[in-house]
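These are my notebook entries on one protein chain. I set down what I looked up, entry by entry.

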Amino acid sequence: MFWLTGNRMKLIVVGILAAMVFGGGSAKADFTFGTPKNLGPTVNSNTGDYSPDISVDGLELYFDSRRESDTKDVDIWVVKRETINDEWSKPENLGEFINSDEEDSHPNLSSDGLTLYFSSFSPEGMGGGDLWMTTRATRNDPWGPAVNLGPTLNNTEHQTAPSISADELELYFSYYDPDLPEDDPAQGFYVTRRESKDAPWGEPINLGPVINSWPCRWEIEISSDGLLLMWADYWDCEPRPGGHGETDICYSRRATKDSEWGEPVNLGACINTTSSEAGPSISPDGSMLYFQSNHCGGQAMDIWQAPILPVVDFDDDGSVGISDLLMLVEAWETDDPKCDIGPMPWGDGVVDAADLDVLMNHWGLDPDTGSKPIELVAHWALDEIEGMKAYDSAGTCDANLVGDPVWQPGGGMVGGALELDGIGDYVSTPYIVPRTAEAFSLFAWVKGGARNQVIASETGMYGYFLLQADFKAGNLMTSLYGGFDGDYLFSETPIIDGQWHHVGLVWDGYPANRILYVDGVEVARNTAGGCSTGGSIGGRGIYIGAS
């Protein structure tokens, strides 16, 4: 006999927050990141998408992509939306004025949205990878012909990844001279300045050994307040010590625009994984990080976004309330880094009205995620007495019984249960399991069963077995995001011994950990190996008791 009760069965969609908190200069606040989210199949293709850059109003996202081309490396594209709550439109190629027959990449938009900087290997350049720009009269006009930024900046074989400051008086970029060794401090990141928007650019200035302390640096980004610098190391170089995998994103801070840059800091495991992360881009309001990753949940190299969150729970009591407000008042007009949380999440060097505004916007919200508490989205109690329906007490996902299941009103671990024969009996629910980076967890009480017995699975052909007793010993396992190579997660804990067991699966969405639980104890964990194909596939429903 196979018994299943849902009196403790919960399906929860979770916004898990990576708990990494970053330190900085003496006048800067700590900040953290929310769960990264894949931008999905409208934006991302299966051939590689890179170097995102968002407009000030959040309604245009520029990036470069290999899509729709068999003859060149990448073109520059844009997606648009009517409001920040709308879905992105179909990508548009920026056309022949900007995209040449060679690589065109690393778009970076000015704060007024009228100038686009980028890098290109166009044969009309100075003889290598050059920095270029294009302009338009208004946001509704098309982009004009591309203009090379000239020999002052384009004086080596390769200049790339331009990043313009908010006032358009500083331009940061990556500089490569093939005549110099890769570890030469003259390689790496530079900045050029001008006195006004109409003035010529000055001679590039090396950002110095603190920033250029590791070979093969590329893809640099300056925040709109000019106090945070992000970048990634080149993909085919040896990773920095203390990193998380192939290519990681780092950052550096400075207290003021006249201060020196601080030591590089790895963004941590909430963003960087064992795969490649690069192309960082910070939204102008400092609330969102866009980046590229080939990690689980995406197709090839995909574009992702992750909220940048200030740490607002000053007293670490699990809530944002009166005591946090009092601490901010006590720190008023000082440079207390704990309370300096606005207007950017990393602060601006003084505790003032901007920080009070940020604190009050988080009043009553979860201090870790900046969101409402975790939501219980479906709960099948399976405590009915008769009928062919299992009702969802938490939402609208009422399920249908198939076959001849038997209600057992007094036979569950807590209340009733549903007896399934393990062959043709099952429950079909309409709840859709996310096939993206969205996190969720699934728990059930079970008793009995046999080896290879499925507890819960996705519907349809090739649906994953979410919870299952393995075929060898009846130990708990999952095939979620295991891929076609059978990279499943197995535990060594049996669940078919005739006793009640509380079994569960947690998918953290990013960085793609699968975790199995039996009776409240973690029994297995790993990073999914085959989940890179999951980002563009629509979600599926759930079967309880069968595959």
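How do S6 and strand S7 (residues 92-93) pair, and over how many bridges? I found that S6 and S7 pair in the antiparallel sense over two bridges. I note the terms here: helices (H or I, at least four residues) and strands (E, at least two) are DSSP runs, numbered from the N terminus, and two strands pair if DSSP finds at least two bridges between them.

**Basis of the entries**

I worked from a predicted model, in which local features need pLDDT of at least 70, side-chain atom pairs count only at pLDDT 80 or more, and totals for chains, interfaces and linings use all residues. Residues are numbered from 1 along each chain as its sequence is written, and side-chain values use heavy atoms, with hydrogens and water left out.

**Entry: the chain as a whole**

I looked up the secondary structure of the protein chain and found two helices and 37 strands. I then took burial, where buried means under 20% relative accessible area, exposed over 50%, and partly exposed in between (1.4 Å probe, protein chains only). Buried residues make up 54% of the 547 residues in the protein chain. The accessible surface comes to about 22,800 Å², and carbon and sulfur atoms account for 53% of that surface. These areas come from the Shrake-Rupley method with a 1.4 Å probe; for residues, only the protein chains shown count as cover. For contacts I used heavy atoms within 4.5 Å. Of the contacts between residues at least 6 apart in sequence, 55% join residues at least 24 apart.

**Entry: strand S6 and its partners**

I returned to strand S6 (residues 75-80). Five of its six residues are buried, so S6 is largely enclosed by the rest of the structure. In S7, Glu-92 is the bridge partner of Val-78. Strand S5 (residues 60-65) is also joined to S6, by six bridges, and the two run antiparallel. There I found Leu-61 opposite Val-79 in S6.

**Entry: the sheet from S12 to S15**

I traced an open sheet of four strands, in the order S12-S13-S14-S15, with antiparallel pairing. Its edge strands are strand S12 (158-164) and strand S15 (205-206), each of which pairs on one side only. Between strand S14 (residues 188-193) and S15 I recorded two bridges, again in the antiparallel sense. Tyr-190 stands opposite Asn-206 in S15.

Within strand S12 I looked up Ala-161. Its phi is near 55°, a positive value in a residue other than glycine. Ala-161 is buried, with a relative accessible area of 4%.

I also checked Asn-155, in the loop between strand S11 (147-148) and S12. Asn-155 counts as partly exposed, at 41% relative accessibility.

Two packed helices are described by the angle between their axes and the distance between the axes. Axes are lines fitted to C-alpha atoms, for helices over the stretch in contact, and angles run from 0 to 180 degrees between N-to-C directions. Helix H1 (residues 322-330) and helix H2 (residues 353-361) pack at about 175°, with their axes 11 Å apart. H1 and H2 are therefore roughly antiparallel to each other (angles under 35 degrees count as roughly parallel, over 145 as roughly antiparallel, 65 to 115 as roughly perpendicular and the rest as oblique).

Which residues meet between H1 and H2? I listed Asp-324, Leu-325 and Leu-328 in H1, which meet Asp-355, Leu-356 and Leu-359 in H2. The residues of this contact divide into four nonpolar, no polar and two charged. Ala, Val, Leu, Ile, Met, Phe, Trp, Tyr, Cys and Pro count as nonpolar, Asp, Glu, Lys and Arg as charged, and the others, Gly among them, as polar.

In the loop between H1 and H2 I located Pro-343. A cis peptide bond, with omega about 0°, joins Gly-342 and Pro-343.

Most residues other than glycine have a negative phi, and most peptide bonds are trans. I noted Asp-519, with phi near 55°, a positive value in a residue other than glycine. Asp-519 is placed in the loop between strand S35 (513-518) and strand S36 (521-527). At 39% relative accessibility, Asp-519 counts as partly exposed.

**Entry: Leu-401**

Is Leu-401 buried or exposed? Leu-401 is buried, with a relative accessible area of 6%, and lies in strand S25 (residues 399-402). Leaving aside its neighbours within four places in sequence, I found Leu-401 in contact with residues including Met-388, Ala-390, Trp-407 and Tyr-426. The C-alpha atoms of Leu-401 and Ala-390 are separated by 7.0 Å.
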